[in-house]
Amino acid sequence: QVKLLESGGGLVQAGDSLRVSCAASGSTNGMTRMGWFRRAPGKDREFVASISWIRDIKRYADSVADRFIISRESAGYTTYLQMNRVKPDDTAVYFCAADFRASGNFVHWGQGTEVTVSS
């Protein structure tokens with residue numbers, strides 16, 4: 001079983017920076033990618049960013065590509081989402097996800113960390 005624990009959410013002002021983290025534990029051997037998703041109030045969950053352990057491929061949603069940076073630890077299974085120049089539209093619960101395949105829907109999910117951006 002894989003457990004994902006997010007941390008680092010909070011209240012920030014528009015234009016500020018914030019970093020959220022996700023640490024994976026349990027049966028993580030062979031994990032191939034981790035990602036971040038978010039669910040804004042009243043909206044569906046949406047993809048934010050992902051990173052692969054093989055070749056370090058990073059993907060971003062268009063809405064964050066020029067502001068957010070996903071990264072990972074070189075050892076272990078921890079990923080970070082550096083959020084720069086945040087906007088009120090970035091207000092959401094941010095979820096960490098992980099999988100053991102190169103593509104397809106993520107299977108393992110964290111409980112989420114809340115990020116609120118005030119204007």
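Leu18 has Met83 as its bridge partner in strand S8, and S8 covers residues 78–83. Strands here are DSSP runs of E of at least two residues, helices being H or I runs of at least four, all numbered from the N terminus. This is a predicted model, in which local features need pLDDT of at least 70 and side-chain atom pairs count only at pLDDT 80 or more, while totals for chains, interfaces and linings use all residues. Residues are numbered from 1 along each chain as its sequence is written, and side-chain values use heavy atoms, with hydrogens and water left out.

**Strand S8 and its partners**

- Strand S3 (residues 18–26) runs antiparallel to S8 and is joined to it by 6 bridges; two strands count as paired if DSSP finds at least two bridges between them.
- On strand S7 (residues 68–72), the pairing with S8 is also antiparallel, with 5 bridges.
- Of the 6 residues in S8, 5 are buried (buried is under 20% relative accessible area, exposed over 50%, partly exposed in between, with a 1.4 Å probe and protein chains only).

**Strand S9 and its partners**

- S9 spans residues 92–99, and 7 of its 8 residues are buried.
- Strand S4 is antiparallel to S9, with 7 bridges between them; Phe37 stands opposite Phe95 of S9.
- S11 is joined to S9 by 3 bridges in an antiparallel arrangement, and Ala92 faces Val115 of S11 across this pairing.
- Strand S10 (residues 108–109) also runs antiparallel to S9, through 2 bridges, with Ala98 opposite His108.

**Asp99 in S9**

- Asp99 belongs to S9 and counts as buried because its relative accessibility is 2%.
- A polar atom of the Asp99 side chain lies 3.2 Å from the backbone nitrogen of Val107. A polar contact is a pair of N or O atoms within 3.5 Å; within protein, one must be able to donate a hydrogen and the other to accept it, and residues adjacent in sequence count only if both atoms are side-chain atoms.
- Leaving aside residues up to four places away in sequence, Asp99 touches Met31, Thr32, Arg33, Asn105, Phe106 and Val107, where contact means heavy atoms within 4.5 Å.

**Nonpolar core**

- The largest nonpolar core has 29 residues, of which Met34, Trp36, Leu81 and Tyr94 touch the most other members.
- At least two residues of this core come from each of S1 (2–7), S3, S4 (33–39), S5, S7, S8, S9 and S11 (113–118).
- Such a core is a set of buried Ala, Val, Leu, Ile, Met, Phe, Trp, Tyr and Cys residues joined through side-chain atoms within 4.5 Å.

- Most residues other than glycine have a negative phi.
- Arg55 has a positive phi near 70 degrees and is located in the loop between strand S5 (45–52) and strand S6 (58–60).
- Arg55 counts as exposed because its relative accessibility is 71%.
- Arg85, likewise not a glycine, has a positive phi of about 45 degrees, and its place is the loop between S8 and S9.
- Arg85 counts as partly exposed because its relative accessibility is 46%.
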